Amino acid sequence: QGQPVESGGGLVQAGGSLRLSCATSRTILSVFTESTLGWYRQAPGKERELVASIIGGRPNYADSVKGRFTISSDNVKRTVHLQMNSLKPEDTGIYFCNHHTPYGVDKWGQGTQVTVSA
């Protein structure tokens, strides 16, 4: 109960774009605006890594995606998005949405698959 739900993954050729969405649930505005929202990914045989995060409107990005990915949040819909442009095969993996509340609770989605072909 209360876990985020991701959508928007798929199969795309290198150089293409995808937009991931994450819907949170049962989150009041005051909590949502002070939460840290993040996107993680896990490639086959690799550990899960932080791709991008946002808190208080301030985004942070992994070096590997800077200039290509954009994270954003919507306070009305209580959602977080990841716009991914100029995709590369190494971007392939399962992308997870993480909602870290100001009370220290981590909520994880089930993930959405992103596959980038060469």
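This is a predicted model: local features need pLDDT of at least 70, side-chain atom pairs count only at pLDDT 80 or more; totals for chains, interfaces and linings use all residues.
Residues are numbered from 1 along each chain as its sequence is written, and side-chain values use heavy atoms, with hydrogens and water left out.

Ile-94 belongs to strand β9; strands (E, at least two residues) and helices (H or I, at least four) are DSSP runs, numbered from the N terminus. Contact means heavy atoms within 4.5 Å. Apart from neighbours within four places in sequence, Ile-94 is in contact with Tyr-40, Arg-41 and Gln-42, and also with Gly-111, Thr-112 and Gln-113. Pro-59 is 35 residues from Ile-94 in sequence, and their C-alpha atoms are 21 Å apart.

## Overall make-up

Read from the N terminus, the order of elements is β-β-β-α-β-β-β-β-β-β-β-β. The C-alpha trace spans about 45 × 25 × 20 Å along its principal axes. For 118 residues a compact globule would have a radius of gyration near 13 Å, and the 14 Å of the protein agrees with this. The radius is taken over C-alpha atoms, and the globule rule is 2.2 Å times the number of residues to the power 0.38.

Of the 118 residues, 39% count as buried. Among contacts with a separation of 6 or more, 54% are between residues 24 or more positions apart.

## Surface and charge

The accessible surface comes to about 6400 Å², and 50% of it belongs to carbon and sulfur atoms. Accessible areas come from the Shrake-Rupley method with a 1.4 Å probe; for residues, only the protein chains shown count as cover.

There are 12 positive and 9 negative charges, and their mean positions are 5 Å apart. Lys and Arg count as positive and Asp and Glu as negative, while His and the chain ends are not counted. The place of a charge is NZ of Lys, CZ of Arg, CG of Asp or CD of Glu.

## Arg-41, a buried arginine

Arg-41 lies in strand β4, which covers residues 36-42. With 6% relative accessibility, Arg-41 counts as buried.

The side chain of Arg-41 makes a polar contact of 2.9 Å with the side chain of Asp-91. Another polar contact, of 3.5 Å, joins the side chains of Arg-41 and Ser-64. A polar contact is a pair of N or O atoms within 3.5 Å; within protein, one must be able to donate a hydrogen and the other to accept it, and residues adjacent in sequence count only if both atoms are side-chain atoms. Leaving aside neighbours within four places in sequence, the residues in contact with Arg-41 include Glu-47, Arg-48, Glu-49, Phe-69, Glu-90, Ile-94 and Tyr-95.

Ser-53 is part of strand β5, residues 49-55. Its relative accessible area is 12%, and Ser-53 is buried. Beyond neighbours within four places in sequence, Ser-53 is in contact with Thr-36, Leu-37, Gly-38, Arg-58, Pro-59, Asn-60 and Ile-71.

Glu-34 sits in the loop between α1 (29-32) and β4. With 52% relative accessibility, Glu-34 counts as exposed. Leaving aside neighbours within four places in sequence, Glu-34 is in contact with Ile-55 and Pro-102. Glu-34 and Thr-101 are 67 residues apart in sequence, with 7.2 Å between their C-alpha atoms.

## Loops on either side of β8

Arg-78 is in the loop between β7 (69-74) and β8 (79-84). Phi of Arg-78 is near 60 degrees, a positive value in a residue other than glycine.

The loop between β8 and β9 (93-100) holds Ser-86, and Asn-85 is found in the loop between β8 and β9 as well. Phi of Ser-86 is near 50 degrees, again positive in a residue other than glycine. Ser-86 counts as partly exposed at 41% relative accessibility. Asn-85 is also partly exposed, with a relative accessible area of 30%. The side chain of Asn-85 makes a polar contact of 2.9 Å with the side chain of Ser-17. Leaving aside neighbours within four places in sequence, Asn-85 is in contact with Gly-16, Ser-17, Arg-68 and Phe-69. Lys-46 is 39 residues from Asn-85 along the chain, and their C-alpha atoms are separated by 22 Å.

Terms used
Buried means under 20% relative accessible area, exposed over 50%, partly exposed in between (1.4 Å probe, protein chains only).
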